[in-house]
Amino acid sequence: MSSVDSNQEHLSQSDPSPSPNSSSSFELIDMDVSSLYEPVSSHWFYCKVIDSKEIWIPFNSDDSQQLEEAHGSGKECNERVVPTDGGRYDVHLGERMRYAVYWDEPPSEVRRCTWFYKGDKDNKYVPYSESFSQVLEETYMLAVTLDEWKKKLESPNREIIVLHNPKLMVHYQPVAGSDEWGSTSTEQGRPRSVKRGVENIPVDIHCGEPLQIDHLVFVVHGIGPACDLRFRSIVQCVNDFRNVSLNLLRTHFKKAQENQQIGRVEFLPVNWHSPLHSTGVDVDLQRITLPSINRLRHFTNDTILDVFFYNSPTYCQTIVDTVASEMNRIYTLFLQRNPDFKGGVSIAGHSLGSLILFDILTNQKDSFGDIDSEKGSLGTIEDQGDVPTLEEDLKKLQLSEFSPVFEKEKVDKAALALCTEKDLQEMGIPLGPRKKILNHFRTRKNSMGVNRPATSASEVNSPKENGDYLDVGIGQVSVKYPRLNYKPEIFFAFGSPIGMFLTVRGLRRIDPNYKFPTCKGFFNIYHPFDPVAYRIEPMVAPEIEFEPMLIPHHKGRKRMHLELREGFTRMSMDLKNNLLGSLRMAWKSFTRAPYPALQASETAEETEAEPESSSEKSSEVNTEETPVEVKEDLPINVGMLNGGQRIDYVLQEKPIESFNEYLFALQSHLCYWESEDTVLLVLKEIYQTQGIFLDQPLQ
């Protein structure tokens with residue numbers, strides 16, 4: 001006899017059920033049947049496979065209510081498709097499946113859940129199937145109505161469920177059969193708890209997302225399929241980013257939400273790694289990969305080689321086509337599903353993804369052909385104002401006598417920019433004028449855009465149209481950059497190597513007048529210990545040194561350890577300056593020449609003036625020794641990439657990270673997805689374009 005039967009017999013002896021012939025039991029049924037039993041409330045769940053384990057996750061309260069209403073709408077409910085998760089997923093009620101809308105993802109099972117049992121290896125509760133939950137509910141109703149408990153049921157998986165009383169219901173694993181020795185195991189393991197209704201299990205059910213979408217942000221990932229230390233995909237990381245933004249909207253934009261001025265910002269991932277590695281390149285790489293250290297080589301092929309792919313003309317074309325076409329496709333689909341959307345669009349890139357977006361934005365063309373959009377190109381595009389003619393340039397160089405030579409050869413300014421010294425020599429122009437002309441046009445080209453080393457005038461190419469792409473001459477591989485179907489308002493770069501890649505391409509300086517043709521804002525956000533991140537502002541203003549903008553903590557003020565560090569630094573500088581000032585005063589007192597007695601009044605005046613002069617000199621010492629602090633108070637020209645505003649923004653490291661920056665270097669490059677400070681800066685800049693500000697400005 002099994003342990004369940006023995007437990008059942010023991011419980012029936014110790015706590016006998018009321019006899020059906022007892023009149024008191026019938027009276028109890030008649031009086032309390034309506035008050036004892038209440039129908040169970042259902043909640044909808046979906047199943048996700050994480051690390052080869054099935055985990056049932058509840059829909060938020062709004063989505064579950066919508067699914068329940070659609071389920072009870074009648075016979076046509078099985079044909080209903082209900083959008084959930086802010087419209088990012090569709091649930092097909094008839095199939096009981098949940099499908100992703102904007103990206104490729106395996107569909108997940110959906111279940112209307114009422115009864116649950118505790119899982120095998122963790123404390124999470126697993127819902128029973130809908131059909132068996134109905135059987136359990138009917139059995140429970142009879143048990144409550146008739147007050148007859150100790151009900152035993154067997155599930156389709158041969159699992160035993162025993163309803164002892166409303167407070168105690170247990171679940172047993174199926175009994176093992178006879179083994180090869182002929183013995184039968186009667187041990188069923190530890191019984192698991194059974195719960196009725198989602199309100200009786202420990203699970204977090206979030207409220208729904210606001211229906212109104214104020215802004216759309218596309219997020220492009222960096223190298224490799226994994227985006228954080230937990231090897232999660234871009235979809236999962238962007239989900240975290242979105243969840244953090246929803247929490248910050250409730251806490252930092254509370255007044256605007258209460259006044260119904262804002263809804264939410266939608267973040268959608270853009271995946272280019274999978275299409276790139278589905279081209280067959282992985283098979284070609286596998287054939288030439290050495291068999292040793294297999295895991296490390298596989299990691300290299302799957303992640304680090306993405307950087308080399310982007311520097312290859314063939315695969316760079318695949319990457320930019322994938323990123324641009326995916327953003328255009330998702331944008332079109334988003335507008336179809338949200339016809340009332342009137343907000344703007346921004347883009348964000350992490351690591352290599354930010355460089356891809358930078359190159360795409362650099363090669364966009366304003367659809368309206370605005371002159372300002374072409375002004376100050378990153379390469380060598382000239383200002384379209386009053387451009388002097390070739391004759392005026394030659395007159396300025398006092399070389400007007402050579403104008404007929406250029407007219408005879410039909411050489412204009414564009415053609416002259418392509419001429420080499422040998423070409424000018426063949427025209428009969430002497431050595432001295434040749435050097436003047438070449439130096440003049442070479443200097444003019446470099447001052448128009450980014451200074452790049454060139455050995456001849458032909459190396460500084462003027463921008464030229466080549467099909468659908470604009471060669472701006474910034475060292476990019478020759479690819480055709482697709483056009484976006486929208487104009488991004490802001491470009492956010494997280495942990496970006498843009499500055500390093502521009503420098504490696506041979507660029508030394510970005511013209512302060514340069515701005516993206518179709519994008520007004522650019523924020524370069526990075527962690528101070530991020531080994532992949534580089535600054536942008538020193539390329540715009542290389543002549544001065546200044547610190548990046550410090551991103552405020554989302555709870556206000558600086559982190560305590562940073563304030564202490566700055567306080568100690570300021571104290572040591574003050575002590576140092578005071579000591580230098582005292583030594584200077586002492587040295588002057590020793591080396592001062594004696595004054596005649598007749599000039600006593602003058603000496604008194606001079607001695608009164610000396611402290612002032614010494615204080616001025618000491619302040620000069622301060623100015624010389626702390627140039628960064630003084631320059632921070634002065635206005636800094638960082639160009640028009642971000643509309644004249646600052647570009648580089650640095651996060652505050654955590655106290656534990658400050659102990660060893662090398663230990664947290666890799667983590668620092670992957671910290672942006674769950675960083676409240678990063679998300680808050682993104683939200684603040686997006687809503688500022690709509691005239692909506694934080695409840696309390698952060699310091």
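# Around helix H11

The buried residues of helix H11 pack against strand S13 (213-220), helix H9 (294-310), helix H10 (313-337), strand S15 (344-350), strand S18 (490-494) and helix H18 (498-504). Contact here means heavy atoms within 4.5 Å. Buried stands for under 20% relative accessible area, exposed for over 50%, and partly exposed for what lies in between, with a 1.4 Å probe and protein chains only. Helices (H or I, at least four residues) and strands (E, at least two) are DSSP runs, numbered from the N terminus. H11 covers residues 352-362 and is mostly covered, with 11 of its 11 residues buried. Among them are Leu-352, Ile-356, Phe-358 and Leu-361, but also Ser-354, Asp-359 and Thr-362.

The model is a predicted one, in which local features need pLDDT of at least 70 and side-chain atom pairs count only at pLDDT 80 or more, while totals for chains, interfaces and linings use all residues. Residues are numbered from 1 along each chain as its sequence is written, and side-chain values use heavy atoms, with hydrogens and water left out.

The protein chain as a whole holds 24 helices and 21 strands. Of its 699 residues, 43% are buried. Among contacts with a separation of 6 or more, 71% are between residues 24 or more positions apart. Accessible areas come from the Shrake-Rupley method with a 1.4 Å probe; for residues, only the protein chains shown count as cover.

Two strands count as paired if DSSP finds at least two bridges between them. S15 and S18 run parallel and are joined by four bridges; one of the bridge pairs is His-350 with Phe-494 in S18.

Ile-304 counts as partly exposed because its relative accessibility is 37%. Together with Ile-293, Leu-296, Phe-299 and Phe-308, Ile-304 makes a nonpolar surface patch of about 510 Å². Patches are made of residues with over 30% relative accessible area and no salt bridge; like charges are joined within 9 Å, nonpolar side chains (Val, Leu, Ile, Met, Phe, Trp, Tyr) within 5 Å.

Strands S4 (residues 89-92) and S5 (residues 97-100) run antiparallel and are joined by four bridges. They form a hairpin with four residues between them, and Arg-96 in the turn has a positive phi of about 55°. S5 also pairs with strand S6 (residues 108-113), again antiparallel, over two bridges. Arg-98 takes part in both pairings: Val-91 stands opposite Arg-98 in S5, and Ser-108 is the bridge partner of Arg-98 in S6.

The side chain of Arg-98 meets that of Asp-85 in a salt bridge, 3.4 Å from N to O. The pair links distant parts of the chain, with Asp-85 in the loop between strand S3 (81-84) and S4 and Arg-98 in S5, 13 residues apart. Both residues are buried. A salt bridge is a side-chain nitrogen of Lys or Arg within 4 Å of a carboxyl oxygen of Asp or Glu. By this rule the count comes to 27.

Further salt bridges include Glu-109 with Arg-111, at 3.0 Å from N to O. Glu-109 is partly exposed at 34% relative accessibility, whereas Arg-111 is buried with a relative accessible area of 13%. Arg-232 and Asp-228 form another, their closest N and O atoms being 2.7 Å apart. Both ends are buried, Arg-232 at 13% and Asp-228 at 10%. Arg-88, Glu-209, Arg-242, Arg-264 and Glu-266 are linked in a network of salt bridges.

Disulfides, defined as pairs of cysteine sulfur atoms within 2.5 Å, number zero. The sulfur of Cys-237 has its closest cysteine sulfur in Cys-227, at 4.8 Å, which is too far for a bond. Cys-237 is buried with a relative accessible area of 0%, and Cys-419 is buried with 8%.
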